[in-house]
Amino acid sequence: MIAKAALQQAHVPAIVRSIDPNTGAASFYGFGWNVDYREHGVEWSHAGAFSAGARTLVHLIPREQLGIAVLSNAFPTGVPEGIAATFFDLVFAGRPTRDWVALANEVFEAGYKEMMKASLAYATSPASPAAALPVSAYVGDYSNDYVGNAKVTESGGSLFLQLGPAGRKFPMAHFNRDVFVYTPMAEAPKARMGVSFLIGPDGKASEVTIEDLNEYGMGRLTRVITK
């Protein structure tokens, strides 16, 4: 189904994704594969998750002609990683060397909490939120050199944020005055991020800051003035 040469290219390390604090060994990322060099040679793996209820993992050790795939339909936990690590222990050591599921669960829970931290500010709506301006104050085109172009549109009285070359459309919900929230990741439907507008002297938004794109201060876009 896939040409051998093309698939081999996907396994070539492209970037360093992490450094093991205990051994100093680097872990890499290829084209869609985690690439690691360990005791049994190169290992290829990847995992995915949707907080709505799905977890998958595949882990291959080519030199040993060995691999495992784990599929689950539950809220994301470390169980697939724990099952895979236990499987490899059984193959190579004859027994589990530790409780891998418990360890993986701890890592996954910590990662999920960190991912959701920014959403905590929007978990509870203000008791008396200030009303938004008319939608026409926010509608328009915005841009910067990092994000590129973004568009705020209106349909049926609701605002939408359009991002990316394909103009993917995200509904925005009002939170407080000129702050709205949207869900950027389908994998985490409860992770809501802020979209804040700065209102200019003409009563219209002159800037918009998209919180999840602003980690390094590059998520602030200015309105494109049309002549």
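I looked up Ile15 and found it opposite Tyr29 in E2. E1 and E2 pair in the antiparallel sense over 4 bridges; I call two strands paired if DSSP finds at least two bridges between them. Strand and helix names are DSSP runs numbered from the N terminus, with at least two residues (E) for a strand and at least four (H or I) for a helix.

The model is predicted, so I note its limits: local features need pLDDT of at least 70, side-chain atom pairs count only at pLDDT 80 or more, and totals for chains, interfaces and linings use all residues. Residues are numbered from 1 along each chain as its sequence is written, and side-chain values use heavy atoms, with hydrogens and water left out.

Sheet order. I traced an open sheet of 6 strands in the order E1-E2-E3-E4-E5-E6, with antiparallel pairing. E1 and strand E6 (66-72) stand at the edges with a single partner strand each, so one side of each is left without a neighbour in the sheet. From one strand to the next I note an average twist of 25°.

E3 and E4 run antiparallel and are joined by 5 bridges, with a hairpin of 2 residues linking them. Arg38 has Gly41 in E4 as its bridge partner. E4 and E5 pair over 7 bridges, also in the antiparallel sense, and Phe50 has Ala54 in E5 as its bridge partner. Their hairpin has 3 residues between the strands, and Gly53 in the turn shows a positive phi of about 130°.

Other hairpins. Strand E9 (residues 158-163) and strand E10 (residues 168-176) run antiparallel, joined by 5 bridges. I find Phe160 opposite Pro171 in E10. The hairpin has 4 residues between the strands, and Gly164 takes a positive phi near 80°. E10 is joined in turn to strand E11 (residues 179-182) by 3 bridges, again antiparallel. Asn176 stands opposite Val179 in E11. Here the hairpin has 2 residues between the strands, and Arg177 in the turn has a positive phi of about 50°.

Helix packing. H2 and H3 pack at an angle of about 145°, their axes 8 Å apart. Axes are lines fitted to C-alpha atoms, for helices over the stretch in contact, and angles run from 0 to 180 degrees between N-to-C directions. Contact means heavy atoms within 4.5 Å. On the H2 side I list Val79, Glu81, Gly82, Ile83, Ala85, Thr86 and Asp89, which meet Trp100, Val101, Ala104, Asn105 and Phe108 in H3. By class this contact has 7 nonpolar, 3 polar and 2 charged residues. Ala, Val, Leu, Ile, Met, Phe, Trp, Tyr, Cys and Pro count as nonpolar, Asp, Glu, Lys and Arg as charged, and the others, Gly among them, as polar.

How much space lies in the largest pocket? I read about 1,800 Å³. A pocket is an open set of points on a 1 Å grid over the protein atoms alone, where a 1.4 Å probe fits, with protein on both sides within 12 Å along at least five of seven lines; lining residues have an atom within 4 Å of a point. Grid points are joined across faces, edges and corners, and the volume is the space filled by probe spheres set on the points. The lining has 48 residues, with Arg17, Arg38, Ser45, His59 and Glu81 nearest the centre. H3 gives the largest share of the lining, 8 residues. I class the lining as 25 nonpolar, 13 polar and 10 charged residues.
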